[in-house]
Amino acid sequence: MNNQWHLNSLIRGLSVLCLLLLGACGPASEHGSQTQPVTESAKRADSAKNSGADVNGGGRAGFANLGAASQGYAHASSATYLSFPEDHGPHPDFRIEWWYLTANLVDDNGEPLGMQWTLFRQAQQPIAKIEAEPKSEHKAEPWSTDQIWMAHMALSRGENHRVAERFARGASVPLPNTAQQAGVTAQPFRAWLDDWQLESQARNPGDDALDHLRLTAQAKDENGPFGYRLELEAEGPLVRHGIRGFSQKSADGQGSMYYSQPFYRVSGEVMLEGEHVAVSGRAWLDREWSSQLLSASQTGWDWFSLHLDSGARLMAFRLRGGGANQDDYLSGSWISPDGEVTPLNASTLTLVPLESAKAAGHRVPLRWRLTLPEQNIELEIVARQANRWMNTSVLYWEGAVSVSDAASGAPRGQGYLEMTGYDMVRQKSE
Amino acid sequence: MRLIGVALATLLSHYRRHPGQLAMLLMGLWVAGALWSGVQAINASARDNYARAEALLGSGFDRLEREDGQTLTRDDFIQLRRAGVLVSPLIEGELITDSGEKLTLIGIDPLTLPGDSSLARTRASGGLQGFITPPWQTRLAPDTRAQLGNQPTLNSGTPFPPMVDVPALPPNTLVMDIAIVAQLLTTGDSITALVSAADALPAAPRGFTLVRADTRTSPGQLTQSFHLNLTAMALLALIVGLFIVQAALGLALEQRLGLLRTLRALGVSGRTLVVLMALELVLLGLLGALAGLVSGLWLAKTLLPDVAATLQSLYGADVSGKLSLPWHYWLGGIGVTLGGLFIAGSGVLWRASRISLLGLGQAQAWRAGFQRQLRVQTLLGGAAALSAVALLWLSTREGQGLDLGLVGGFGLVAAIILAAALWLPPLLALVLSLLLSGLSHLTRLARSWPLTQWALADLQLQLPRLSLAMMALLIALSANLGVSSMVGGFRLTFLDWLDQRLMADLYLRPAAAQFADIDAWLAQRDAVNERLITADATSQLLEITSSNTTDKSVRRPGLPLSVFGITPGQTLMADWPLLNTLGDRDAAWQALQHGDAFINEQLARGEVIAPGDRLSLATPGGVESVTVVGIYPDYGNPRGEVVLATHQLQQLFRVPPVSIGIVMHPGEDAGLLSQQLIERFKLTAHSLRDQREVKATATEIFERTFAITRALNGLTLGVAALALLATLLAQAQERRRRLAALWAIGVPLRQLLGIQLAQLAGAALITGLLAIPLGIAITACLVWGINVAAFGWRLPLYIFPGEISLTLITAVLVALLAAGLPMLKLWRTPPRSLLAEEDT
């Protein structure tokens with residue numbers, strides 16, 4: 001049985017070489033995730049499974065093909081220095097990139113809400129290759145495409161979890177003086193797809209472009225419209241993860257360029273179930289780009305971004321597979337309230353899943369134990385709702401978590417958890 | 001069990017002694033099956049194509065158009081998306097390959113295309129990356145690919161992007177990424193459509209108009225009548241073929257009566273015998289049906305290109321020249337042939353089950369049976385005639401003239417044909433007995449004509465078997481006459497109408513930017529008498545307000561239709577064909593000039609609109625109301641159309657003019673002017689056409705349209721001839737025995753043969769004569785009933801004496817031809833062996 005699955009995935013994987021982070025099924029406009037039929041998600045799971053063979057047909061290539069070989073692209077390395085505001089903009093010589101915003105919100109009655117807004121960029125072919133091609137091939141302007149943009153938005157309250165997804169074609173070198181459906185500019189900072197937009201409001205000359213942001217996005221599905229309009233104000237500096245922003249992702253040494261702005265205070269309003277609700281809270285922006293995020297043997301990750309009540313922030317992730325001896329690969333950043341970073345690794349960070357539950361038919365770990373021996377911290381992290389499955393063309397789980405002290409149970413903070421690769425687990429176990 | 005095997009072998013051994021009968025049986029099945037399954041293959045293939053065409057757009061897209069009528073561009077798309085309006089760009093165009101294949105090319109943006117259509121799904125297989133990046137992909141249906149051959153090229157030598165099969169795509173359609181389509185069609189920044197999922201947009205964004213996924217009739221609905229026509233034709237062939245089968249089976253039973261009695265006497269039960277004969281039927285049926293299916297496929301393959309051309313020209317429906325058949329087609333083909341066989345054979349089985357062990361199978365007994373059969377036929381024919389009358393009464397009761405549906409129309413034709421066919425044998429019998437009695441009266445007065453008397457009596461004896469073949473001949477002849485008269489009449493009407501409609505000498509379709517310059521230049525030419533400027537637009541018929549004083553009803557069809565602008569000058573007003581006007585012609589033209597409208601016959605009939613009614617049309621500026629002042633014939637147009645004066649249309653719909661018809665002064669040279677135009681304005685041959693050319697194209701389309709009808713018609717007649725031949729061949733042996741006796745008495749062989757030919761020719765002539773009124777009746781049903789229902793126009797009834805005499809000649813010729821072969825055999829047989837046959 002397993003043999004046959006492997007053979008199938010190999011044969012089909014060969015014919016489905018391409019991305020699948022973005023193109024697994026193509027855009028299916030916008031769906032409410034709760035009502036997605038089972039067959040549909042099975043189909044998606046299937047296509048994600050197909051991606052589980054790498055370019056050489058030699059085996060798994062990680063979640064959403066993020067482990068696929070990346071010849072011709074630039075590579076992240078510890079020798080790269082981040083410089084702003086340029087690095088707030090896109091890096092089309094890298095294969096993938098994202099602008100990833102999550103927020104833990106409350107309304108005036110104290111009811112918690114969660115939101116996510118992400119803009120993904122995926123190069124379709126290395127820029128070097130495009131430039132090498134004869135001019136005639138390149139004449140297909142103005143529609144010619146070597147980048148695909150994908151945006152996800154989610155808004156959750158209690159049982160309610162609304163998701164939307166959009167796509168756009170783009171070019172690494174856009175034609176001058178033409179409007180674009182999607183893109184990111186560093187100066188002035190603006191990231192957009194259609195009418196979804198994250199825009200810098202920074203006025204003071206000394207400010208970083210990301211210090212003040214405005215996010216607007218709205219979508220409509222069969223349950224009606226939903227959306228948000230939020231103002232974000234940073235209360236701390238940008239944070240570079242890993243070695244000056246190079247975040248290693250496996251023992252093989254490959255990784256990504258990764259920095260965050262974890263210190264946002266948010267205010268604004270959300271639209272949900274026909275009403276406008278004033279909200280406030282904390283937000284976290286991740287910026288990451290890479291050409292090979294995962295090694296071929298890694299199947300997914302569990303990613304935490306936590307706002308602790310002490311004022312400290314914590315980023316931690318576990319990449320399943322790809323560590324020394326094919327163990328899981330652990331990494332993270334302990335961020336002091338004034339933005340000082342202490343990198344974490346397998347010896348200074350443990351992450352143990354305690355309990356799993358079903359979300360949209362997929363078993364995902366929703367209760368975790370996180371231990372930082374050097375900081376003398378032991379936390380229990382619990383997802384507030386199981387129902388935070390992102391039924392987008394790439395399947396993953398993304399939702400708000402509560403953080404408490406493992407020993408006393410006293411609340412210690414809140415945050416967001418992202419888990420990928422669990423749709424494949426389901427396939428395998430069946 | 002063994003007994004059954006032996007009995008079956010014994011029964012089948014008959015065919016070893018009479019291979020001709022076996023051949024005739026199989027041929028009947030084969031011919032019937034071939035025509036039926038051929039036509040069904042064509043229908044099934046076309047329906048499959050329509051289904052794919054409809055699925056291409058799924059549940060349909062709403063479309064956005066610019067309010068100012070300008071071409072949409074990429075900027076419009078980006079602006080709308082940035083404003084949160086979820087639209088997707090499409091580029092649609094026509095592509096001609098280097099080998100001359102014309103294809104529809106659709107460029108999509110898979111990243112924004114909404115919905116579940118085949119168009120949207122084409123992105124699912126094979127990966128998005130390959131689709132949107134060089135060298136891109138050509139998504140096409142396998143049949144389109146087969147049609148294109150191995151290495152199709154474009155623009156003298158450029159290969160297509162790599163081809164990927166998507167069976168759900170309609171024929172002759174290529175889907176590619178919008179980037180490469182913009183390059184291939186050199187559309188630059190412009191796009192042909194902005195689509196959004198049906199009903200996703202609550203209202204049109206500012207500056208745009210929203211065209212809802214319309215209620216436009218799908219190709220499947222439009223062409224339904226055409227396929228019904230084909231099916232009716234095939235059914236006719238099937239019935240005629242089954243006549244042959246029936247004749248062959250009857251003969252085989254007749255000759256095996258002795259054998260059956262022997263088998264009964266040997267202890268085979270009656271039931272077993274019937275089962276065995278049914279088994280024989282199944283065996284033969286399967287064989288014949290399979291042969292029919294195979295030939296039907298061949299026939300369909302041969303005819304399909306013509307059918308595809310017809311459907312394209314009549315309805316604009318795109319049908320592949322390649323067959324694509326669903327599985328149920330195969331079962332259906334065999335099923336219908338077998339079913340028909342059992343209907344044809346049931347009489348034989350019934351008779352076989354009632355064989356009396358002691359009775360004698362004698363000709364006289366047969367005759368008594370035949371008399372009874374004639375009475376039954378007369379009654380059944382009466383019933384059919386009554387139902388025809390009832391249908392006619394039903395259809396005329398309500399409105400004026402014939403108003404049958406399509407099915408009603410075919411029902412009427414079927415009832416008339418059935419009545420005539422059933423009455424034919426009694427009629428023939430009556431004529432014969434009248435002649436005989438007349439002759440016997442005469443013989444009392446003068447010397448007898450023994451040979452004539454014998455010939456008549458002999459024909460009477462032949463009648464039971466001949467009658468079926470004659471019925472088949474009658475059906476084929478009358479259908480042939482009916483259809484060819486209809487086509488001929490249509491042809492006359494159509495050509496006449498073309499002459500009236502195409503009054504300009506040159507037709508010019510300049511690029512929009514050049515239009516004003518060219519028009520101004522033409523205005524200064526002395527040779528030019530009039531410039532007939534046209535424009536077109538699409539609209540929706542929102543409301544019809546009847547002018548009828550007693551019935552002030554308002555109907556809201558919400559029907560999409562095209563609006564056409566004409567320039568009512570002297571030329572048009574004099575000759576432009578009009579069927580009906582409000583007031584006189586001149587008044588109608590004056591009213592048109594001042595903003596009223598003409599509508600085409602299809603629209604008038606389809607929506608029951610009379611001159612004087614008011615129509616509310618959707619225009620970019622809101623709802624406009626116009627009065628219908630005239631109805632014009634519009635052959636070859638499947639859809640409803642409204643005509644306005646060009647300047648009115650341009651004002652209402654905010655569209656630019658499209659073409660100029662140039663009317664020359666008498667004696668001026670249009671060729672010279674066209675030379676000047678081409679040189680001065682660098683026109684392509686495509687944008688300037690002279691009247692002759694347009695007429696030739698229209699006529700060619702017409703001829704192709706009815707090529708399939710003619711082909712099927714001819715085939716049906718051929719089958720009828722075969723039926724007659726088969727019948728005559730089958731009884732040739734028995735006939736020879738009778739002739740032998742006469743021969744032995746001393747009647748010269750030449751005279752004998754003459755009598756034989758005269759007998760058959762006479763019977764065929766009577767049949768042919770009966771076919772004439774029947775054919776005319778069928779023509780009337782076609783032009784007044786079925787055409788109106790199928791196409792929306794009514795044609796005058798033309799009678800062609802040439803066609804009629806051709807029918808008569810065909811009847812006699814077919815009979816003579818069919819009699820010729822047995823005759824030739826007889827000629828070669830020595831009398832002695834003829835006499836010897838008497839004993840067998």
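Helices (H or I, at least four residues) and strands (E, at least two) are DSSP runs, numbered from the N terminus. On that basis, A:Pro85 is found in the loop between helix 2 (38–50) and strand 1 (96–107) of chain A. This is a predicted model, in which local features need pLDDT of at least 70 and side-chain atom pairs count only at pLDDT 80 or more, while totals for chains, interfaces and linings use all residues. Residues are numbered from 1 along each chain as its sequence is written, chains are lettered from A and ligands numbered from 1 in the order in which they are written, and side-chain values use heavy atoms, with hydrogens and water left out.

**Chain A overall**

- The secondary structure of chain A consists of four helices and 23 strands.
- Of its 430 residues, 61% count as buried, where buried means under 20% relative accessible area, exposed means over 50%, and partly exposed lies in between (1.4 Å probe, protein chains only).
- When contacts (heavy atoms within 4.5 Å) in chain A are taken between residues at least 6 apart in sequence, 62% of them join residues at least 24 apart.

**Selected sites in chain A**

- A:Ser331 belongs to strand 16 (residues 328–335) of chain A, and its relative accessibility of 13% places A:Ser331 in the buried class.
- Apart from neighbours within four places in sequence, A:Ser331 is in contact with A:Met315, A:Ala316, A:Phe317, A:Leu344 and A:Leu349.
- A:Gly274 sits in the loop between strand 12 (255–272) and strand 13 (275–290) of chain A, and with 64% relative accessibility A:Gly274 counts as exposed.
- Although A:Gly274 and A:Pro225 are 49 residues apart along the chain, their C-alpha atoms are separated by 7.1 Å.

**Backbone features**

- The peptide bond joining A:Phe84 and A:Pro85 is cis, with omega about 10 degrees.
- A:Asp194 is not a glycine, yet has a positive phi of about 55 degrees; A:Asp194 is located in the loop between strand 6 and strand 7 (196–200) of chain A and is buried, with a relative accessible area of 1%.
- In chain B, B:Trp136 likewise has a positive phi, of about 60 degrees, without being a glycine; B:Trp136 is in the loop between helix 5 (128–132) and strand 5 (138–140) of chain B and is buried at a relative accessible area of 6%.

**Helix packing in chain B**

- Two packed helices are described by the angle between their axes and the distance between the axes; axes are lines fitted to C-alpha atoms, for helices over the stretch in contact, and angles run from 0 to 180 degrees between N-to-C directions.
- Helix 14 (residues 450–501) and helix 23 (residues 801–828) of chain B pack at an angle of about 155 degrees, with axes 10 Å apart, which makes helix 14 roughly antiparallel to helix 23.
- For these descriptions, angles under 35 degrees count as roughly parallel, over 145 as roughly antiparallel, 65 to 115 as roughly perpendicular and the rest as oblique.
- In this contact, B:Leu473, B:Leu477, B:Leu481 and B:Ser484 of helix 14 meet B:Glu803, B:Ile804, B:Thr807, B:Thr810, B:Ala811 and B:Val814 of helix 23.
- Helix 15 (residues 515–523) and helix 20 (residues 670–681) of chain B pack at about 140 degrees with axes 12 Å apart, so helix 15 is oblique to helix 20.
- On the helix 15 side this contact involves B:Asp517, B:Ile518, B:Trp521 and B:Leu522, and on the helix 20 side B:Leu673, B:Gln676, B:Leu677, B:Arg680 and B:Phe681.

**Nonpolar cores**

- A nonpolar core is a set of buried Ala, Val, Leu, Ile, Met, Phe, Trp, Tyr and Cys residues joined through side-chain atoms within 4.5 Å.
- The largest such core has 72 residues, and those with the most contacts inside it are B:Leu466, B:Met470, B:Leu473, B:Phe494, B:Tyr635, B:Leu724 and B:Leu728.
- Helix 14 of chain B supplies the largest share of this core, 20 residues.
- A second, separate core has 48 residues, including A:Ala164, A:Leu230, A:Leu232 and A:Tyr259.
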